[in-house]
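Please open the model in your viewer and keep the selection panel at hand.

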Amino acid sequence: MQVREILYMSADRYNSPDRFYGYGIIDAWEAVKLALPKTLNMTAMIEGFYDENSNVMTQDTVTVNIRNSSSPFNIMDQATGILNTNGIVLLEYDNVSNGVNYFIQVHHRNGLETWSKNTQSFSSNVLNYNFTTSALMAYGDNMILKGSKWTFFSGDVNGDGSIDIADLTFIDNDASNFLTGYLPTDLNGDNVTDIADLLYADNNASNFITAVTP
Ligand SMILES: [Ca+2]
Ligand SMILES: [Ca+2]
């Protein structure tokens, strides 16, 4: 946001009927608050990374886009962070505003791309959003229940928005070669690619799981 814009929005006449005729008195503290980064406090679980018995998720990186509310849903800002063992991540954005409606779009190395059900807005520089409480939190209700948590489908290894034979082939190849480490084919985050990973993708591919987006 431009400094000029921030100062304008802080002024006492910004929301008054004569806003176009003058800036009113600039409120420096209000301007400082407007210029602060916006924080998304997001909770999300990845199917394969979440253990419903221990109620713990293996930590992993997600990239979260804040997107415009109308087609073509331009990306307004992007941040990357680590979902902790409770599935919580705090992400900061500089290029979004309070009171504006945005979609939240989440990317993970092999979790299926998932969007917020509806548009959301930051208020007082914060937006809290929890995907795990209900299928209704995801666009198209496109999540899978694991224990008591709604989670993002695992298995989109190549990130093309569908879980299918192409993803299974990647996992199968890496498993055949006994590959280990931080790989897109490791669906449960144990740093080994094997049959356990293949099962998640196979199950979701059998159900023709694809991303559902606005
Ligand atoms: Ca795929
Ligand atoms: Ca694994």
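**A helix pair and a sheet**

Begin with helices α1 and α2: α1 passes α2 in a right-handed crossing (the near helix is turned clockwise from the far one by less than a right angle; left-handed would be anticlockwise). Helices here are DSSP runs of H or I with at least four residues, and strands are runs of E with at least two, numbered from the N terminus. This is a predicted model, in which local features need pLDDT of at least 70 and side-chain atom pairs count only at pLDDT 80 or more, whereas totals for chains, interfaces and linings use all residues. Residues are numbered from 1 along each chain as its sequence is written, with chains lettered from A and ligands numbered from 1 in the order in which they are written.

Select residues 3–10 for α1 and 28–35 for α2; they pack at about 130°, with axes 8 Å apart. Axes are fitted to C-alpha atoms, for helices over the stretch in contact, and angles run from 0 to 180 degrees between N-to-C directions.

Next, show Ile6, Leu7, Met9 and Ser10 of α1, which meet Glu30, Ala31, Leu34 and Ala35 of α2 (C-beta atoms, placed from the backbone, within 7 Å).

Now turn to the open sheet, whose three strands are ordered β6-β1-β9 with mixed pairing (paired strands share at least two DSSP bridges). Its edges are β6 (88–93) and β9 (126–130), each pairing on one side only. Select β1 (residues 38–43): five bridges join β1 to β9, and the two run parallel. Finally, pick Asn41, which stands opposite Asn128 in β9.

Notes:
Two residues are in contact if their C-beta atoms, placed from the backbone, lie within 7 Å.
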